[in-house]
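Colleague: I have not worked with this structure before. Could you take me through how to read it?

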Amino acid sequence: MKIGEKIFDTQQHGYIMGILNVTPDSFSDGGKFDHIDAALKHAQEMINDGADIIDIGGESTRHGYTLISDEEEIERVAPVIEKVKQEFDTVVSLDTYKSAVARAGIEAGADMINDIWGLKWDGTMAPLLAKTRVPACLMHNRKDTNYKNFLTDVIGDLQETMEIAEKAGIRKSHIMLDPGIGFAKDLDQNLELMNHLELLDQWEVPILLGTSRKSMIGLTLDLPSDQRVEGTVATTVCGYMKGCRFFRVHDVKENKRALTMIEAICCK
């Protein structure tokens, strides 16, 4: 898969996406990097620790988050995208589900879009991605939790996303999918989905796993968000063994080391 100027060999390797939240209210690191100097410093640290992609987000998506305007989100992310692209030779992802923000981010230099609503928030994201030919991660999400058969319904929802993408003209080679751990799912459902990630192989596109410090880990281990590194690493290893190849994390160094180790084992 080509993102920006980099080729990602998902047949042979896994890759780390480092989280850079330029928000005041994200669940784990809100307010830490919402100034450009702090954001650039953290981006440098994550790149040094082995991040292959930097994922920049300007609006918190934690439970009960407050929607902000497109203009405010653009003001938060566009300058950071521009600076990161100027300062570092790295791939930049923009975490947004709003087409106006995505358009501004792409103009600022974003190499891909990370859409937590899987093209379903409005009808304009898919045409934008098709026109700009910018790769995208499309996540499973829904506005209700009225599942009839949980795993079957998740797969059905993702199939709808893939059909929207195809109809809009988005190239399959520009798509990765995300099972949406922590979104519209309770603890048992998150754990069940983690145990059946191989179901996402059917579309033959790369899978991104985003579990970092999430409530699934906190509830399982009874730990606050700043003590969930080991739990996150466990999910990264599990995800790799079930076919995931991109891992969106806060703690880059620890997850990169675990990924390198599991790759060495599985390639023998």
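**Reading the model**

Modeller: Start with one cysteine: Cys 238 is partly exposed, its relative accessible area being 26%. Keep in mind that the model is predicted.

Colleague: Where is the cysteine sulfur nearest to that of Cys 238, and how many disulfides does the structure hold?

Modeller: A disulfide is a covalent bond between the sulfur atoms of two cysteines. The structure holds 0 disulfides. For Cys 238, the nearest cysteine sulfur belongs to Cys 244 and is 8.0 Å away. Since a disulfide needs the two sulfur atoms within 2.5 Å, Cys 238 is in none. Another cysteine, Cys 266, is partly exposed as well, at a relative accessible area of 39%.

Colleague: What radius of gyration does the chain have, against that of a compact globule?

Modeller: A compact globule with 268 residues would have a radius of gyration near 18 Å, and the chain has 17 Å, which agrees. Along the principal axes, the C-alpha atoms fill a box of roughly 40 × 40 × 40 Å. Of the 268 residues, 56% are buried. The accessible surface is about 12200 Å², with 49% of it belonging to carbon and sulfur atoms.

Colleague: How many helices and strands are there?

Modeller: The chain has 9 helices and 10 strands. As for how the chain meets itself, take the contacts between residues at least 6 apart in sequence: 68% of them join residues at least 24 apart.

Colleague: Which residues of helix α6 are buried, and why do they line one face?

Modeller: Helix α6 covers residues 187-194, and its buried residues are Gln 189, Asn 190, Leu 193 and Met 194. Looking down the axis of α6, these buried residues fall within an arc of 135°, so they line one face of the helix. They pack against α5 (150-168), β9 (208-209), α7 (215-221) and α8 (229-241). At the start of α6, a side-chain oxygen of Asp 186 comes to within 3.2 Å of the backbone nitrogen of Asp 188.

Colleague: What do the buried residues of α4 pack against?

Modeller: In α4, the buried residues are Met 125, Ala 126, Leu 128, Leu 129 and Ala 130. Their packing partners are α3 (99-108), β6, β7 (136-139) and α5. Just after α4, Arg 133 has a positive phi of about 60°.

Colleague: Where is Trp 121, and how far is it from Lys 143?

Modeller: Trp 121 sits in the loop between β6 (112-115) and α4 (125-132). Trp 121 is partly exposed, with 31% relative accessible area. Sequence and space are separate scales here: Trp 121 and Lys 143 are 22 residues apart in sequence, and 10.0 Å apart in space from C-alpha to C-alpha.

Colleague: Is Arg 142 buried or exposed?

Modeller: The cut-off for buried is under 20% relative accessible area. At 17%, Arg 142 therefore counts as buried. Arg 142 lies in the loop between β7 and α5.

Key: Residues are numbered from 1 along each chain as its sequence is written. This is a predicted model: local features need pLDDT of at least 70, side-chain atom pairs count only at pLDDT 80 or more; totals for chains, interfaces and linings use all residues. Side-chain values use heavy atoms; hydrogens and water are left out. Buried means under 20% relative accessible area, exposed over 50%, partly exposed in between (1.4 Å probe, protein chains only). Helices (H or I, at least four residues) and strands (E, at least two) are DSSP runs, numbered from the N terminus. The arc is that of the directions from the helix axis to the C-beta atoms. Contact means heavy atoms within 4.5 Å. A polar contact is a pair of N or O atoms within 3.5 Å; within protein, one must be able to donate a hydrogen and the other to accept it, and residues adjacent in sequence count only if both atoms are side-chain atoms. The radius of gyration is taken over C-alpha atoms; the globule rule is 2.2 Å times the number of residues to the power 0.38. Accessible areas come from the Shrake-Rupley method with a 1.4 Å probe; for residues, only the protein chains shown count as cover.
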